[in-house]
Amino acid sequence: MIEVVAKVFGAVSMVNAIATGKGATLGIDTFVETKLVRKDGKGIEITSENKTISSRLINQIIKNLIPEKILEKNRLELDFRSNIPTGYGLKSSSAISSAVALSCAKSFRKKIGDEEILRLGAKTSIQTKVSITGAYDDACACHFGGFNVTDNLKMKLIHRELAPKDLQVVIFLPK
């Protein structure tokens, strides 16, 4: 049995990438934490305190990262803990995709770079229809934090910089 944990943060959009393909985002201190337990067996079990988590996205991230013949010999139990409210544009799907990719890479000792994790999440978001653009800008902010400017169509990070430590963001969540 192998157990790993990955934690990725939420973000907000400053410039939405739908119109031009270019977006700007800012990482915030909300989070998604994924605990993955890998055992002998077969199958993927997903548990979460949040019932609206996208199992379609999670399953596809895993299938796109881990070859099927390896998955057939391993049972993956993923448990999610998050304080990102879903459905408000705080990038929970991007955080989830990065956390799943990171935990799978750790569990299977697969060397995978930041860019590959981000592209995997963006391509899978398009594939599963979670996002129109792939949300590469969102994924960058969740993964790196700080300010991020991207070209989502080319899946390229144009500019990244840290945010001031004393920066505060006020987010209004309507009922």
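How many bridges join strand E2 to strand E4, and do they run parallel or antiparallel? I looked this up before anything else.

**Basis.** I am working on a predicted model, where local features need pLDDT of at least 70, side-chain atom pairs count only at pLDDT 80 or more, and totals for chains, interfaces and linings use all residues. Residues are numbered from 1 along each chain as its sequence is written, and side-chain values use heavy atoms, with hydrogens and water left out.

**Strands.** I found 9 bridges between E2 (residues 22-40) and E4 (residues 74-82), and the two run antiparallel. Helices (H or I, at least four residues) and strands (E, at least two) are DSSP runs, numbered from the N terminus. Two strands pair if DSSP finds at least two bridges between them. I noted threonine 34 opposite phenylalanine 80 in E4. E4 is also joined to E3 (residues 43-48), by 6 bridges, and here the strands run parallel. Threonine 47 faces aspartate 79 of E4.

**Serine 92.** I placed serine 92 in helix H3, residues 92-107. Is serine 92 buried or exposed? Serine 92 counts as buried because its relative accessibility is 11%; buried means under 20% relative accessible area, exposed over 50%, partly exposed in between (1.4 Å probe, protein chains only). Leaving out residues up to four places away in sequence, I listed Val32, Ile84 and Thr86 as touching serine 92, contact being heavy atoms within 4.5 Å.

**Largest pocket.** I read a volume of about 440 Å³ for the largest pocket. Its lining has 20 residues, with Gly27, Ile28, Asp29, Ala163 and Leu167 closest to the centre. A pocket is an open set of points on a 1 Å grid over the protein atoms alone, where a 1.4 Å probe fits, with protein on both sides within 12 Å along at least five of seven lines; lining residues have an atom within 4 Å of a point. Grid points are joined across faces, edges and corners, and a volume is the space filled by probe spheres set on the points. E2 and helix H5 (136-144) each supply at least two lining residues, and E2 has the largest share, 5 residues. I logged the lining as 12 nonpolar, 6 polar and 2 charged residues. Ala, Val, Leu, Ile, Met, Phe, Trp, Tyr, Cys and Pro count as nonpolar, Asp, Glu, Lys and Arg as charged, and the others, Gly among them, as polar.

**Second largest pocket.** I read about 380 Å³ here. Of its 24 lining residues, Lys91, Val130, Ser131, Ala135 and Asp138 lie nearest the centre. H3 and H5 are the elements giving two or more residues to this lining, and H3 gives the most, with 3. By class I logged 9 nonpolar, 12 polar and 3 charged residues for the second largest pocket.
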